[in-house]
Amino acid sequence: MGELSSATPAQTLDVLGRVCPYPLVLTKKAMEKLPSGAVIKVLCDAPASAEDSIPRYAEKQGFKFESVKNEGYWELYIQKK
Amino acid sequence: MATKKLAFIVKSLPYKTEASRLALTHAIASQTVEIYLEDGDMVEPVLAFMGDGVLNCLKNQKAMTLYGVTSLEQHIKNSLLLDLKVMICKEDVERFGLSEDALIMDAEDIGGETNANIAPFNEIMKEMDSSDHLLFF
C-alpha cells in the first residue's frame, strides 16, 4: 500500500455509477471544502475520470495522488496540499 | 491568467430537441476544462433560462414515462449541486403563469447548497453583457 492509501481519509466520496464529467467536478467540489493536508478517498468506476481527468486535475493542483485499481472500480486517494 | 465567462442561454422547449440538454451538459462540463488550460485560467459558466426555455425548469418532469429519456430536472439539480449560477427569467415565468413553487429552485435532496434565481430580464442581460462568450440553445 502507498503512503496515501494507508492513511485514514478525511472523507470518502462515492461517485460509482457516475460518468464524466461528474466524478471530476464532484471531486473538485469536495476538495475545495477539505482542509490543507487532508486526504480524500474517491470510489470511481468511470475509466476516463479515474485514469485521466482526476489524476490530471490532482497533478495540476499539485496534490499528491494515488490510484488503486480493483475489480471494476478504482480507489483514488488525493491529498490536498 | 484569466477567467473566461460563458453564458449558456436556454430558449428551447424541453424535450422537443436535445438543445436544452446540451446546454446543461456543456455548462456542467465547462467546470472540467481547466485541467487542460494554463495555470490560473478558469471558466465561469452562467446558465440562464429565457422565453420558452423557462419550461425546462418545471418540477416533477416525467420524461422517462412520457418520452423514454432521462429527465432534465436531474441535470438542473446537478448544475445547482455543482454551484453553477442558474437564472430563470422572471418576466417569462410570469408570462407562463408559473409560481416559484412550480420550478426547480434548489437541489437540497441531493446535497446541493446553491439555489436558482428568478431574475428580471435586465439582470440576465447584465450577465450576458459581462460574458466573454454567449451560447444560445
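**The interface**

Guide: Chain A and chain B bury about 1,400 Å² between them, and 56% of it lies on carbon and sulfur atoms. Buried area here is the accessible area (1.4 Å probe) that two parts lose on being put together, summed over both. Tyr22(A), Lys29(A) and Lys60(A) supply 40% of the area that chain A buries against chain B, more than any other three residues.

This is a predicted model: local features need pLDDT of at least 70, side-chain atom pairs count only at pLDDT 80 or more, and totals for chains, interfaces and linings use all residues. Residues are numbered from 1 along each chain as its sequence is written, chains are lettered from A and ligands numbered from 1 in the order in which they are written, and side-chain values use heavy atoms, with hydrogens and water left out.

Now the contacts (heavy atoms within 4.5 Å). 15 residues of chain A touch 16 residues of chain B.

The rule finds 4 salt bridges across the interface, each a side-chain nitrogen of Lys or Arg within 4 Å of a carboxyl oxygen of Asp or Glu. One of them joins Lys33(A) and Glu113(B), at 3.1 Å from N to O.

Which elements give two or more residues to chain A's side? They are α1 (22-33) and α2 (47-61) of chain A, helices being DSSP runs of H or I, at least four residues, numbered from the N terminus. α1(A) gives the most, with 7 residues.
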